[in-house]
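Please read the following report with the sequence and the structure side by side.

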Amino acid sequence: MTDNRHDVLIVGAGVIGLACAWSLLRAGRQVTVVDARHVAAGASHGNCGTITPSHAPPLPMPGMPMQVLRWMLRKDAPFHVSPRWDPALYGWMMRALRRCNRQDFEQTAVIRAELLKASRELLAQWVERDRLDCEFEQTGTIYAFIDKAGFDGYRWHQQMLAGLDIECRRLDGDALRSLEPALNDRAVGGYLHPGDAHLRPERYTAELARCVRAAGGSIVEGTQVASLLRANGRVGGIVLEDGRSWRAESVLLAAGSWSPELVQPLDLRLPVQPGKGYSITYERPALAPAIPLVLKERSVCVTAWSSGFRLGSTMEFAGYDSSLNSVRLGALTRAAHEYLREPEGPVQREQWCGWRPMTPDDLPVIGPVSRHPGLWIATGHGMLGVTLSAVTGELVAAQMTGRVPPWNARPLSPDRFN
């Protein structure tokens with residue numbers, strides 16, 4: 001066995017692991033990032049890249065159980081559970097369903113709003129300060145509706161965001177299409193969130209990797225971590241699949257939806273499930289949306305950059321099945337045809353799927369594990385990994401260097417599940 005000694009070892013080179021590495025390096029720590037595949041190989045690659053304080057309301061909400069039951073009757077619905085025996089998933093779902101009440105919904109929204117707004121501002125600062133070439137645009141986002149009753153019934157969203165100090169403007173059909181001509185005449189109205197932004201996620205992660213390496217950090221790709229190394233009552237490193245051990249002062253687990261399997265031998269509960277999302281990337285059409293869209297009735301996201309055009313979303317709980325489900329992909333293009341004048345680009349470049357790390361309370365897991373000194377966790381960001389990357393990095397760096405973070409980290413602690 002080769003005994004390599006490190007300061008901070010980060011498991012996972014996705015957007016969260018790289019953001020944490022970058023913040024830790026600027027805080028004076030030495031960092032090595034290890035990934036079984038390569039930079040941004042998972043959910044950090046093919047998502048729609050929106051930066052969304054508007055997503056402060058969590059997924060577990062009043063009325064969601066009935067909506068989920070209706071969706072289960074449709075194979076192409078935004079939410080789908082593949083039938084199989086999976087006790088961990090069913091336990092996770094029961095915990096999520098128990099949170100579909102007004103009190104938990106409102107309390108979680110307050111926590112998420114603080115983090116999302118802070119991360120949105122931090123990310124803009126990172127882009128400017130570090131000259132991140134990632135097609136960052138501060139154009140906002142739009143929730144677009146083609147059903148009048150659904151549009152009118154969504155006023156609660158605007159009212160809730162107002163209470164969280166997040167701007168949201170209601171636009172009727174004519175005003176909406178004037179603002180965003182890419183929408184067709186079926187659009188009856190929408191909600192504009194001027195404080196949102198977007199970027200191209202695979203370019204953002206590549207830029208973070210560049211910054212990490214330029215600052216003296218190391219990124220080791222194609223290296224599988226078999227287990228965490230325990231010694232003298234603490235987590236003191238990692239054991240690689242080839243048997244080598246690397247020791248470290250601190251280990252940060254940022255392996256997304258793969259994180260639970262690494263903590264299982266520690267008798268540590270980490271209820272993170274892989275929520276499979278899909279996207280299709282095209283060359284940019286002539287009439288592409290200037291503002292990222294959520295096609296609300298279909299829960300499909302549309303983002304255009306100067307370099308391309310992407311349809312994405314859906315939530316499928318199918319374990320780690322890596323196959324591309326044609327029904328799920330077809331749901332993306334069918335939705336685009338319902339709402340957009342040019343629903344697809346001239347050339348399709350990529351069909352993709354990836355696993356979002358979903359927690360039952362829709363809050364990330366960030367912080368030290370009190371039962372296992374030396375171990376830190378940063379995962380469970382669900383569909384908000386890109387948005388929350390900057391605040392996660394700054395939270396981890398503050399905690400690891402003994403500073404009090406300016407945001408309330410207690411609700412995010414891994415200890416809440418143990």
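A113 counts as buried at 2% relative accessibility, where buried stands for under 20% relative accessible area, exposed for over 50% and partly exposed for what lies in between, with a 1.4 Å probe and protein chains only. This is a predicted model, in which local features need pLDDT of at least 70 and side-chain atom pairs count only at pLDDT 80 or more, while totals for chains, interfaces and linings use all residues. Residues are numbered from 1 along each chain as its sequence is written, and side-chain values use heavy atoms, with hydrogens and water left out.

A113 sits in helix 5, residues 102-129; helices (H or I, at least four residues) and strands (E, at least two) are DSSP runs numbered from the N terminus. Leaving aside residues up to four places away in sequence, A113 touches A56, L164 and I166, a contact being heavy atoms within 4.5 Å. P53 is 60 residues from A113 in sequence, yet the two C-alpha atoms are 6.3 Å apart in space.

Helix 4 covers residues 87-98, and its 12 residues should span 16 Å at 1.5 Å a residue, which agrees with the 17 Å between its end C-alpha atoms; the expected span is 1.5 Å times one less than the number of residues. Which residues of helix 4 are buried? They are L89, W92, M93 and A96. Seen down the axis of helix 4, these buried residues fall within an arc of 100 degrees, so they line one face of the helix, the arc being that of the directions from the helix axis to the C-beta atoms. An α-helix has 3.6 residues a turn, so residues three or four places apart point the same way. The cover over the buried residues of helix 4 includes strand 4 (79-81), strand 13 (273-282), strand 16 (308-317) and strand 17 (348-358). R98, also found in helix 4, is by contrast exposed, with a relative accessible area of 57%.

R131 lies in the loop between helix 5 and strand 5 (141-145), whereas D362 belongs to the loop between strand 17 and strand 18 (365-368).

D362 is also one of the residues lining the largest cavity, among them R112, L115 and H381. That cavity holds about 70 Å³ of space, and the structure has one cavity of 30 Å³ or more. On a 1 Å grid over the protein atoms alone, a cavity is a set of points where a 1.4 Å probe fits but cannot get out, a pocket is an open set with protein on both sides within 12 Å along at least five of seven lines, and lining residues have an atom within 4 Å of a point. The second largest pocket has a volume of about 480 Å³, and of its 21 lining residues the closest to its centre are A88, P260, L270, V272 and Q273. Helix 4 gives the largest share of this lining, four residues.

A search of the whole structure finds zero disulfides, a disulfide being a pair of cysteine sulfur atoms within 2.5 Å. C48 is in none, and the nearest cysteine sulfur, that of C301, is 3.8 Å away.

Key
Points joined across faces, edges and corners; volume = space filled by probe spheres on them.
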